[in-house]
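Walk through this model from the fold of one chain to its contact with the other. Keep the sequence and the coordinates in view.

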Amino acid sequence: MNIFKIIKDIEKVDGEVYDRLSSRRQAFSSFGSFGKKVAFAAAPIALGTMFKKAYGQSSGSIADVLNFALTLEYLEAEFYQMGLDASGAIASENRAFFTDVRDHEVAHVAFLKTAIQSMNATPVAKPTFDFSAGGAFPDWNTNPATYLALSQAFEDTGVRAYKGQAGNLVSNSGVLTAALQIHAVEARHAAIVRRIRGLKGWITNDERGAGMPAATQAIYDGEAQTTQAGVNVPSISGVSAAQVSEAFDEPLTKQAVLDIAGLFIV
Amino acid sequence: MMKQTTPEENEGGLMKSLGSPMQRRMFFRYAGATAAATTLLLTTSCDDDDDVTPPSNTAVDLGSGDVGILNYAYALEQLEAAFYTAVVANSASALSSAEMAVMQDLKAHEVAHRELFKAALGTSAIPNLEVDFSSIDFKNKTSVLNAAKTFEDLGVAAYNGAGKLLTDTGAGLDYLLLAGKIVSVEARHAAAIHDLISNNARAYGAAQIDANGLDKAMAPADVLAAAKTYIATEINFSNLPK
């Protein structure tokens, strides 16, 4: 499949395709930083989401944001359930923790569905997931190290995803608060998974951490920020840039999250 | 027993003499909160009869609107930063090197949060609060970790509860994002502390999470009531948005 040929073909019927996609440059660049094999496997999905965005997807409604969150929660809930069901994905000493995490994600799915329905909107259907990402992680449910790496990837992504949507929820304080409450739970999960993997619970600079596949780097890009609210924090605080970067988690755009999640959606 | 008086309580005169916020900021960059700076501040400002900063036995008013909420966050970050500073200074004998490494990170993170709020608030910032850690035994690991757990879980609930109170649709969105950037780090801290308390048995604070999978969210009044044991300065939060 040749992405550029497809875009060229579209250009024949839509002369502005490049303009429409230019604002998606970030999506392209994060797309490019994924492993080649993963990128190839996921190209149809990522391209689809990119075009959906470029061609006037109306966003901003609260139900849209909740459906976006629901998609991520479906992914996490199924990942942890399948990990617990597999015999070799989770080391015995971590089963209790992952059981709790599964329970939380299942609860988030139910909570979000209820919230969406209460707004007279329709919850999106659960996608079909492929946690091997088209064969990039063939041992995801037989090798605890791979399973833990993907767990970290999903939890750190979840934290950034919710954070990126908070500003779209201000018109409904109840939903905003609930989203913040879920956001904090994802952060607790992330910290523990990272500690199980021998890392700090927090993200230093934009480092994905030892043992994380290069394909997960897009999850950490942009985390090295040390200027907050227009203030250069290291210079006023005397705290090192690395530790300041740890002290603030950064958001991800909806599109960046969909590009990451899209790798695991068939 | 550890009661700390922080330098800004009597700094009003000196702050005025330092002039612009930038000069003030630069001053603190170099002075920090060292003992020498404290002495300097106290001695140079005590004869100033035009002191705008209330003495420590008078309630500090957090203010109203977004500024009030930012001051509320600043107060909590002052408390956390002072706590971890005291832990790093006094608890080496009580903690393992791995535990102390976590404490050093937490100290750095909370100092970064505190200094950011102070800079962002500028002249609207509340003065430094006087903390009261007399209930904490800094030579006892359980006491230190339990206090850390209290502060972190409370911090998470405080930010979760405060998000909706940031109502300014212009700058307020930036403040909401800023609060979001901080609260997830507080939640990471909280989980790590629970994990340390469980001796790496992967506790994360299960009791904080309800049947819907939601972490706690608390109103400022409830948070400040819970933090009152550790803050000697009286805080007036009556003007905060509700």
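In chain B, what share of the contacts with a separation of 6 or more comes from residues 24 or more positions apart? The share is 80%. Two residues are in contact if their C-beta atoms, placed from the backbone, lie within 7 Å.

This is a predicted model, in which local features need pLDDT of at least 70, side-chain atom pairs count only at pLDDT 80 or more, and totals for chains, interfaces and linings use all residues. Residues are numbered from 1 along each chain as its sequence is written, while chains are lettered from A and ligands numbered from 1 in the order in which they are written.

Start with the fold. Chain B has eight helices and four strands. Helices (H or I, at least four residues) and strands (E, at least two) are DSSP runs, numbered from the N terminus. Their order along the sequence is β-α-α-α-β-α-α-β-α-α-α-β.

Now look inside. Of the 242 residues in chain B, 50% are buried, with 20 or more other C-beta atoms within 10 Å of their own, again placed from the backbone. Beyond its neighbours within four places in sequence, Tyr72(B) contacts Leu62(B), Ala162(B), Pro220(B), Phe237(B) and Leu240(B).

Turn to the interface. Here 46 residues of chain B contact 49 of chain A. On the chain B side, α2 (21-31), α5 (97-121), α6 (141-162) and α7 (171-197) each supply at least two residues. α7(B) gives the most, with 17 residues.

Note on methods
A residue is buried if 20 or more other C-beta atoms lie within 10 Å of its own, exposed if 12 or fewer, and partly exposed in between; C-beta atoms are placed from the backbone.
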